[in-house]
Amino acid sequence: MLLHLLYLVAIIAEAMSGALMGMRRGMDRFGLCLVGTVTALGGGTVRDVLLGHYPLAWISHPDYVLITIGAASVAAAGARWLRNWQRLFVTVDAIGLIAFTVIGCDVAATLDVSPAIVVLAGAITGVCGGMLRDLLCNQMPLVLRQELYASIALGAGALYVALQACDVAPAPASIVVLAVGFAVRMLAVRFRWQLKVFTAADSGGAG
Amino acid sequence: MLLHLLYLVAIIAEAMSGALMGMRRGMDRFGLCLVGTVTALGGGTVRDVLLGHYPLAWISHPDYVLITIGAASVAAAGARWLRNWQRLFVTVDAIGLIAFTVIGCDVAATLDVSPAIVVLAGAITGVCGGMLRDLLCNQMPLVLRQELYASIALGAGALYVALQACDVAPAPASIVVLAVGFAVRMLAVRFRWQLKVFTAADSGGAG
Amino acid sequence: MLLHLLYLVAIIAEAMSGALMGMRRGMDRFGLCLVGTVTALGGGTVRDVLLGHYPLAWISHPDYVLITIGAASVAAAGARWLRNWQRLFVTVDAIGLIAFTVIGCDVAATLDVSPAIVVLAGAITGVCGGMLRDLLCNQMPLVLRQELYASIALGAGALYVALQACDVAPAPASIVVLAVGFAVRMLAVRFRWQLKVFTAADSGGAG
C-alpha cells in the first residue's frame, strides 16, 4: 500500500525531527529516542485513546517503536550533516502530515462516529505528535501559532471525507488528498501564509 | 434539564476563557479554537479516559466541539470588549466549575466505583480543563497554587455524594450543591481566601 | 507479597518527592497533594491507559490515593527536616523505580502483547510518574537528560522478561531484578554515570 509506505516514511521523518529538537534542548541519548518516538507515534496514540480504539498500533506492532528509536539515533549521530537537509525535512514533514491525517480518518471511519469526528481524528493524528514533542521540550506547541499547519490537516481531512461521501473510492481519494494537501502545505511554507496571530494588544491588554 | 443547560453555559464560558488566554500568548486563530475546546471539554475527556468510559461525550455529540469553536471565535473577535466583563467571566466560571463537578459525579456514579472515586471524578471534571489549558500555554497550572479552586470542586463533589447517600434525590441534591458551591467559590474570590502557599523557604532551601 | 510492600513504599516515596518539588515551585496545599499523587500513580495510569487495561489500579483501590495524599501532606509539613534525608530519598526512589518496573512488566505480561511491549510497559511505569510531575511543574522532564534513570528501567524490564523466558519463576526473577537494578542505579548515582548529553554545538548550531 502506498499509504503504509508513506506512513513508514512519515514516522521516520517525525522521529528524526523530534530527536533534533531534543538535541537542541540538551537531552541525553535516551531522551532523544523517547522524544523522537513520541513525536512519531504520539498523534496516533492520542487519537486511539480518545476513540477507545485498542490495541494501539505500536502495541500490536512493536517494530514501529524500534524504527523510531533507530531513526532518532541516526538523526542524533548525523545531526551535523542533517542541517543541510532542512528543505528535505520540511518536504517529508509535509508528506507525513497529510499521510497521518488520511490514516487517522481511515481509522475513525471504521468506527461508528460522525463525519465531523472522522475529520477531527485525522487532524489529531496529524498534529498531536508535534504537540507532545513541544510539551516534552517545555515549549508552547508551535502548531498553536504557526503557518496553517493544523488548518491544512483539518482541510485535508474534510476533503477526504467529502470525496468518500461523493462515492470516490478510498485509494483515489487518498491520492487526491495527498497531492492537494502536500501542494497547499508547501505553498504555505514557501509564501509564509499564516492565520492572523493575536497579540496582547488585540486582547485590549487585559482580556 | 437544568444541569444540561448549565453544562452548555459552562463549556461556552470555558472555551472563551481558554481563547482569551491563548490570545495573550500569541496564538493564531486555530490555536485559540483548539485551546478553547480543550479548556471546555478536556476535564470530561480526562475523566472518561481514566474511567475507561467510552465513547467520550464530544465524540457522540460533535456539536459540542462546534459550540466551543464558535465560542472561542466569538471571544477572539470581541476580546477588546470582553475585558470589561471580567466579573461576568468569574461568575460564569464558578457556575461552570460546580456544574462540571456535579456532572462528573453523575457519570462516575453510573459505573461500579467507590464513593471516593465518584468525588474525585467530579473534581477531575471541574479542574482538568483549566490544567490542560495552562499546559498548552506553557504555564504552571494556576489551579496548583490558587484560590481554593480545586478544593471547592472536591468539597462540592463530596457534598453531592453525601446528600445522595442520605437519600436525597439527584435533582434537589444538584441544586443544593450548585447553590452552596457557587456561593463558596464567589466568597473565595471576593475575600481572596487561599490555602497556605509554600515557598522555597518552607522547604528549607533544599527539600 | 514483597512486591506489594515495595509498591506501597515506592508510592509513598514518590508522593513525597512530588510534594517537595511542588513546594519549591510555590504550590498550595492542594497542588502539593495533586502533584504528589500524580507522581506516585501517574506511571501506572499512563501504562494502563496505553494498554487499555481497565479499571485503573487506583480506581479499584482508592486507598492508594489516600496514601499518596497523606504522604504528600506529611512531606509538606516536615519539609524542613526532610532535606537531611536526601540520601534516604535517593535510595527509596531507586527501589521504587525497579519495583514499579517489575510491576509494570507483570501487568503487561497478563495481556496478549509481545515481550518488547512488556519491557516498555515496565519502563513506562517506572518513569512516567516523574515525567508528569515535571510537566505539572513546567520543567523539561529530568529523565530526558539525567543519570541513566530510564535506561536502568528499560534494562531491568529486559532482564526480568529474559529471566522469565529462561523459565525462572516470577518470584525469584523479581528478587534478582530488584537486587541488580537497585545496585546499578545506586552506582549510577554514586559515580554520576550518564549517557552522552547533546548540546546545540553537536547539532551544528542548527539541526
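Author: The unreviewed UniProt entry places "domain: Glycine transporter" at residues 5–77 and 91–164 of chain A. UniProt positions follow the numbering used here, feature names are shortened, and annotations may be inferred rather than shown by experiment. The model is predicted, so local features need pLDDT of at least 70, side-chain atom pairs count only at pLDDT 80 or more, and totals for chains, interfaces and linings use all residues. Residues are numbered from 1 along each chain as its sequence is written, chains are lettered from A and ligands numbered from 1 in the order in which they are written, and side-chain values use heavy atoms, with hydrogens and water left out.

Reader: What is the helix content of residues 5–77 of chain A?

Author: The span is 85% helix and 0% strand. Its end C-alpha atoms lie 24 Å apart. Helices (H or I, at least four residues) and strands (E, at least two) are DSSP runs, numbered from the N terminus.

Reader: Which residues does UniProt list under "transmembrane region"?

Author: The unreviewed entry lists residues 6–23, 30–52, 64–82, 89–111, 117–136, 148–165 and 171–188 of chain A. Residues 6–23 of chain A are 100% helix and 0% strand, with end C-alpha atoms 26 Å apart. For residues 171–188 of chain A, the values are 100% helix, 0% strand and 26 Å.

Reader: What are the angle and axis distance between α6 and α7 of chain A?

Author: Helix α6 (residues 86–109) and helix α7 (residues 115–136) of chain A pack at about 140 degrees, with axes 7 Å apart. That angle makes α6(A) oblique to α7(A). Angles under 35 degrees count as roughly parallel, over 145 as roughly antiparallel, 65 to 115 as roughly perpendicular, and the rest as oblique. Axes are lines fitted to C-alpha atoms, for helices over the stretch in contact, and angles run from 0 to 180 degrees between N-to-C directions.

Reader: Which residues make the contact of α6(A) with α7(A)?

Author: On α6(A), they include A:Leu97, A:Phe100 and A:Gly104. On α7(A), A:Val118, A:Gly122 and A:Gly126 are among them. Contact means heavy atoms within 4.5 Å. By class, this contact has 10 nonpolar, five polar and no charged residues. Ala, Val, Leu, Ile, Met, Phe, Trp, Tyr, Cys and Pro count as nonpolar, Asp, Glu, Lys and Arg as charged, and the others, Gly among them, as polar.

Reader: Why is A:Leu56 called buried?

Author: Its relative accessibility is 0%, so A:Leu56 counts as buried. Buried means under 20% relative accessible area, exposed over 50%, partly exposed in between (1.4 Å probe, protein chains only). A:Leu56 lies in the loop between α2 (29–51) and α3 (57–60) of chain A. Leaving aside neighbours within four places in sequence, A:Leu56 is in contact with A:Thr45, A:Asp48, A:Val49 and C:Leu50.

Reader: What makes A:Leu82 buried?

Author: A relative accessibility of 6% makes A:Leu82 count as buried. A:Leu82 lies in helix α5 (residues 79–82) of chain A. Beyond four places in sequence, A:Leu82 touches A:Leu20, A:Ala75 and A:Phe89. The C-alpha atoms of A:Leu82 and A:Leu20 are 9.1 Å apart, at 62 residues along the chain.

Reader: How do you know that A:Thr39 is buried?

Author: A:Thr39 has a relative accessible area of 1%, and is therefore buried. A:Thr39 is found in helix α2 of chain A. Not counting residues up to four places away in sequence, A:Thr39 touches A:Glu14, A:Ser17, A:Gly18, A:Gly129, A:Gly130 and A:Arg133.
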